[in-house]
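The sequence and the structure are shown first.

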Amino acid sequence: MTPAPSPIASPNDLEAFWMPFTANRAFKKRPRMIARADGMYYYTPEGKPIMDGTAGLWCCNAGHKRRPIIEAIQAQAEELDFAPNFQFGHPKVFAAAARIAALAPGDLDHVFFAGSGSEAADTALKIAIAYWNVLGKGSKTRLIGRERGYHGVGFGGISVGGIVSNRKFFGSLLAGSDHMPATYDREKQRFTKGEPEYGAHFADELERIVTLHDASTIAAVMIEPMSGSTGVLPPPKGYLKRLREICTKHNILLIFDEVITGFGRLGSAFAAERYDVVPDMITFAKGVTSGAVPMGGVIVRKPIFDAFMNGPDNAIELFHGYTYSGHPLAAAASLATLDIYRDEGLFERAKMLEPIWADAVMDLKEEPNVLDIRTLGLVAGIDLASRPDGVGKRGYDAMEHAFHEEGLMVRLTGDTLALTPPLIVTEDQIGEIVEKTRRVIRAVAN
Ligand code: PMP
């Protein structure tokens, strides 16, 4: 008897998967395939090591194949695969919320879980609008973001986000959202390590927006303390404090999207701590589980939480939540991850490495086509000049060359290369990442 044809596509069939944020047709011509990972390295199916210069997607802060995280996930799967968090609860999600809140500054002490950074962003924006409603100020519905801001891909996130290509095919988006300018000025900030001296005044643009719309219509301002996805834009000195002052003055909530900057990337648990600015909400994801299981969430200040708790005792206070809000596997993974961060001092390690990293990366400034380099924490953005045949072409070639020829994973946005290694990176590995990047930049010089 002839066996029935297998309904399962062959592993070499690259057709069915529509890859996110990917040039699908180009990928299929020359796939960049990852089969396993350990520590600072990915490995291709053929076993070739690829240095992880990007902590996956800025998320694997503890590095790969971390035994305590693997064991926590395995043990949790044995004990409790899933439990609803709507009207029921399981112990680890409460523990995870308490551990995460304890890392946040000020009275940011309650955590609403989501499954990703995008869900976290939309959750925070909804909480902001609902909060003003609860206080009887239902006219405060406008949401203000920033050009070049990235808050994921939900409709709230792309409305407040400021990346043109992420917005332009998706209709009219949320009515009433507006944008402050980005904080980058190449002429005045070129080749800065850390926070640029120039640019605190960009925060004053919020005053103009308040004059235009009136504070009585504005619910919240949402920004990344350091824009990541649009090429690494560190905040100018004093900018975040000034933004906080303007928000406080006009009774507008300030939301920090710390999906990238959270969990040690800038040398502290959150950027809010580094900059000594307490926002009203912090969104997080990625590093909370070191990328091992999807998880995101919002940390809110006590007065916001309390405002919702004033209704009848058995009434649902917020009509919002996801099936996977606080999933048991994610909660278990986050607890194990936070233990690693604490026990290995990885946030402090990032802080200690920051000047070494900055010096090493800045050494690339004389390489061909390098227009600017920005560094902050364990992050670097390297702008390459675009080629005459189009924006993003040189960057794409660099990313391909890095993977195939140098065995290095870099992140690409246009012609900007972003480097964000796991926080376990050694000084030698920093040197290796920089030398590989140097060869890549030279290889795509023409
Ligand atoms: N906010 C920021 C600042 C991000 O960098 C990202 C992802 N890179 C997101 C939100 C969205 O997270 P996710 O992809 O998990 O939805």
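## Helix 13

The model discussed here is predicted. In helix 13, the buried residues are Pro328, Leu329, Ala330, Ala331, Ala332, Ala333, Ser334, Leu335, Ala336, Thr337, Leu338 and Tyr341. The helix is thus mostly covered, with 12 of its 16 residues buried. These buried residues pack against three other helices, namely helix 3 (67-79), helix 4 (91-103) and helix 14 (346-362).

The length of helix 13 can be checked against its residue count. Helix 13 comprises residues 328-343, and its 16 residues should span 22 Å at 1.5 Å a residue; the C-alpha atoms at its ends are 23 Å apart, which agrees. Just after helix 13, Gly345 adopts a positive phi of about 55°.

## The nonpolar core

The largest nonpolar core has 122 residues, of which Ala124, Ala220, Val221, Ile255 and Ile299 touch the most other members. Helix 13 gives the most to this core, contributing nine residues. Both domains take part: at least three residues of the core come from each of domain 1 (24-62 + 345-443) and domain 2 (69-343). In soluble globular proteins, nonpolar side chains tend to be buried together.

When its neighbours within four places in sequence are left aside, Ala220 is in contact with Leu125, Ala128, Leu143, Ile252, Leu253 and Ile255.

## Domains and their interface

The chain is divided into domain 1 (24-62 + 345-443) and domain 2 (69-343). The C-alpha centres of domain 1 and domain 2 are 26 Å apart. Across the boundary, 31 residues of domain 1 are in contact with 29 residues of domain 2.

On the side of domain 1 that touches domain 2, two or more residues come from each of helix 2 (55-58), helix 14, strand 11 (370-376), strand 12 (379-384) and strand 15 (416-419). Helix 14 supplies the largest share of this side, with seven residues. By class, this side of domain 1 has 16 nonpolar, nine polar and six charged residues.

## The ligand shell

Which residues come nearest to the ligand? Of the 16 residues around the ligand, these are Ser116, Gly117, Ser118, Gly152 and Val259. Helix 5 (residues 117-134) gives the most to the shell, with three residues. By class, the shell divides into six nonpolar, eight polar and two charged residues.

Most residues other than glycine have a negative phi. Phe191 has a positive phi of about 55° although it is not a glycine. Phe191 is found in the loop between helix 8 (186-189) and helix 9 (205-213).

Is Ser290 buried or exposed? Ser290 is buried, because 28 other C-beta atoms lie within 10 Å, and the threshold for burial is 20 or more.

Phe319 lies in the loop between helix 12 (302-308) and helix 13. With 7 C-beta neighbours inside 10 Å, Phe319 counts as exposed. Phe319 and Arg349 are 30 residues apart in sequence, and their C-alpha atoms are 40 Å apart in space. Ala16 is located in the segment before helix 1 (24-29). Ala16 has 6 C-beta neighbours inside 10 Å and therefore counts as exposed. Ala16 and Ala285 are separated by 269 residues in sequence and by 28 Å in space, C-alpha to C-alpha.

Val278 lies in the loop between helix 11 (271-274) and strand 9. Val278 has 17 C-beta neighbours inside 10 Å, so this residue counts as partly exposed. Leaving aside neighbours within four places in sequence, Val278 is in contact with Pro105, Gly106 and Ala272. Val278 and Leu103 are 175 residues apart in sequence and 13 Å apart in space, C-alpha to C-alpha.

Definitions and conventions:
Residues numbered from 1 in each chain as written. Predicted model: local features only at pLDDT ≥ 70, side-chain atom pairs only at ≥ 80, totals over all residues. Helix = DSSP H or I, 4+ residues; strand = E, 2+ residues; numbered from the N terminus. Expected span 1.5 Å × (residues − 1). Contact = placed C-beta atoms within 7 Å. Core = buried A, V, L, I, M, F, W, Y, C linked by C-beta atoms within 7 Å. Domains from an automatic or database assignment. Near = placed C-beta within 6 Å. Nonpolar A, V, L, I, M, F, W, Y, C, P; charged D, E, K, R; others polar.
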